[in-house]
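Please look over the sequence and the structure below. A short report on them follows.

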2 protein chains.
Amino acid sequence: LNVSFEYYEREKPIPPEEYVRVNHLELKELVTDIYKALGVPDRDAEIVADVLVTADLFGISSHGVQRVRRYVEGIRIKNVNINAKVRVVRDFGTTALIDGDNGLGQPIGVKAMELAIEKAKIYGVSLVLVKNSNHFGIAGYYSLKAVEKGLIGITITNSENLVAYVNTVGRTLGTNPIAVAIPRPSPPPILFDAATSVVPVGKIEIYSKLGKKVPPGWVIDLEGNILSGDAKEVLKAIRSRKAALLPLGGLGEEFGGHKGSGLAFIIDTISGILSGAAWGYHVGHTIGTRPANVGHAFAAINIEAFMDKDVFFERIETYVKEIKSLKKHPKADRIWIPGEKAWLTMQTRLKIGIPLHKNVYNELIQIAREVGVTRELRIIKQQ
Amino acid sequence: LNVSFEYYEREKPIPPEEYVRVNHLELKELVTDIYKALGVPDRDAEIVADVLVTADLFGISSHGVQRVRRYVEGIRIKNVNINAKVRVVRDFGTTALIDGDNGLGQPIGVKAMELAIEKAKIYGVSLVLVKNSNHFGIAGYYSLKAVEKGLIGITITNSENLVAYVNTVGRTLGTNPIAVAIPRPSPPPILFDAATSVVPVGKIEIYSKLGKKVPPGWVIDLEGNILSGDAKEVLKAIRSRKAALLPLGGLGEEFGGHKGSGLAFIIDTISGILSGAAWGYHVGHTIGTRPANVGHAFAAINIEAFMDKDVFFERIETYVKEIKSLKKHPKADRIWIPGEKAWLTMQTRLKIGIPLHKNVYNELIQIAREVGVTRELRIIKQQ
């Protein structure tokens, strides 16, 4: 198969001298070894590493290996249970409720989506809720598990409070993302994966690194004033809990802030309230004094319950082609289908390696040594 | 039961001298009779009237009886089939595909949600897709049908192209709403019902009537320029197909335009592509030269598949109370739970009547006379 290849990275490593590139497999092995050294069962450690490295491959470094420390600390202080007995506690036809026993969110998430897939194959659609879980990384990872089996996957989760509920100040809602993955006859699959806040914190972190200014409309302080300008200052305010992200749609209702806020609330109600997990500002952090009790929900849809897969593929390809043929906005770089940016970034990084900020690289090596892992992480020579 | 009552209307009749108030039951009877006179079966006519009048009770006049003419014309020109044989064409455990046979969207929607409810009672969750349907009014109406039976209801639909896909100009997507209704121990239920565009066209119609200015960020022209200012001019551009609504999140990606656009695309893929209905700019209009072939999707979730209903009620009430106790933004009128505005408006209008613009009132009487309905529609004396 001889396909043309395009180098594309959603998040470019800027400035380049602050970054090194590493091979994704070697990175995954190092991260796996770190968690194994802490006593995490082999397969669980592999899953955590795969979710983290996939985020870096997708160009979502905020959810990538820079978070290795977070889970390591959660395990060290025993706020995360590495010997969790993940159990189905209620099973009702094509739904199930899983108790994660305060385990790592990633293996719990994979198990829950696998169950959702099995049920949807039989019944057409399924819904698996999870309580007593932890942060599980990028939601899209789990939805793509359904696509691997030919199904549509939907993943939602609540998360620690960072976002202001519409018409209020302070942090109440998580960034509560929704991720929907839809198969196509050939890659990339459609992957819509979006926080219900106007931006994720990771975007402000990137702006901070690049010395860019935060535009008015992303963040408010505790008095309800818009915070903008110097991204370093904005980030500091967020980290010291003196500011909140705005929901998708922004401040107030004029541009739909009640819609982003309402979506986050609905996602919280299904993944948090209905699962028996925490909700709103009760959702904890991995490195906290009590279990985070994050709640997730996983649904799968069996395409063949509705139409033959060939017909579906023909229809979705026509739609994609039609979108690609639209008139581009003069200020836009190009017309994207949801998931394409992540996919192209992954193809590029599988070839030329994953860029890690030197601080992140050094921290990884440091963590490895702390837990007794001696494996190297080679730096790829730049051509 | 002696509860305090608050007069509240989401959409106030302004200026008051241009409006009359009518009783909701008399309004519903008149509208029912109009459709019956056109040959619509009794129960279908009642459902169409109920959906329209409910929109007016909720304060969503854009989807209320001002649309009686639209369906009447669709029937008259035979672009809508009043003798539709609505059939389940695929049944797969807890999913079904319904062929609406180009019938009125409202009775098809009710039938589909009733099937989704029955299946969710047995299996825990369900998904019913519909093809060959027509515009069905407010999506929330169907989700509330599930709440009446104690379940969570989710409704999505595609609709005629009005919205620009992110990074493009022109109209590709419908306003493709999502409506989620969640039971509470006592009314109002939670009802999140939102178009995935930044605003619905109805909002611009209201701004036009009130002589208000459209803020920059709602609409773009075919060259991609933001259209704002005089709402009458903006509305004219939209109606002459020279402008498109922006998706939730606005222009480009800076404030999340790819999120609103992506949500609309996903909703279209499930309700349109997967159902076998039209999609994108192929979705037709009620008054058109070919069947609209609108697609819908209805899901229901059985709360008791996950937890006892009493526990769920206790948890959701706690969450609602916590939100109500947050610190209000200084510029906000109050803190709202999704669905409260519609509910309070309905309570008010059940008591003092539904305000109809005199043009809408006169048009209704005119339509009634055209089809041979002689029933009066009394104007309520203002106190």
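This is a predicted model: local features need pLDDT of at least 70, side-chain atom pairs count only at pLDDT 80 or more; totals for chains, interfaces and linings use all residues.

Residues are numbered from 1 along each chain as its sequence is written, chains are lettered from A in the order in which they are written, and side-chain values use heavy atoms, with hydrogens and water left out.

**Interface**

Chain B puts 94 residues in contact with 94 residues of chain A (contact: heavy atoms within 4.5 Å). The table gives the computed values for this pair of chains.

| Item, chain B and chain A | Value |
|---|---|
| Buried area | about 7800 Å² |
| Share of buried area from carbon and sulfur atoms | 68% |
| Salt bridges | four salt bridges |
| Polar contacts (both residues at pLDDT 80 or more) | 40 residue pairs |

Buried area is the accessible area (1.4 Å probe) that two parts lose on being put together, summed over both. A salt bridge needs a side-chain nitrogen of Lys or Arg within 4 Å of a carboxyl oxygen of Asp or Glu. A polar contact is a pair of N or O atoms within 3.5 Å; within protein, one must be able to donate a hydrogen and the other to accept it, and residues adjacent in sequence count only if both atoms are side-chain atoms.

A:Glu253 and B:Lys341 form a salt bridge, with their closest N and O atoms 2.6 Å apart. On the side of chain B that touches chain A, helix α8 (residues 257-273) of chain B gives the most, with 11 residues. Helices are DSSP runs (H or I, at least four residues), numbered from the N terminus. By class, that side of chain B has 53 nonpolar, 24 polar and 17 charged residues.

**Symmetry**

A rotation of 180 degrees, with 0.0 Å of shift along its axis, superposes chain B on chain A (RMSD 0.0 Å). The two copies are thus related as by a two-fold rotation axis. Within chain B, B:Gly249 comes closest to the axis, at 2.6 Å (C-alpha). Both copies use the same surface: 100% of the contact residues of chain B recur in chain A.

**Helix α3 of chain A**

Is helix α3 (residues 68-76) of chain A largely enclosed or open? Seven of its nine residues are buried, so the rest of the structure largely encloses this helix (buried: under 20% relative accessible area, 1.4 Å probe, protein chains only). Among the buried residues are A:Arg70, A:Tyr71 and A:Glu73. Their cover includes α1 (24-37), α2 (42-58), α4 (105-123) and α11 (358-370) of chain A. Just after α3(A), A:Lys78 has a positive phi of about 60 degrees.

How values were computed
Helices (H or I, at least four residues) and strands (E, at least two) are DSSP runs, numbered from the N terminus. Ala, Val, Leu, Ile, Met, Phe, Trp, Tyr, Cys and Pro count as nonpolar, Asp, Glu, Lys and Arg as charged, and the others, Gly among them, as polar. Copies are superposed by least squares on the C-alpha atoms of residues with pLDDT of at least 70 in both. Buried means under 20% relative accessible area, exposed over 50%, partly exposed in between (1.4 Å probe, protein chains only).
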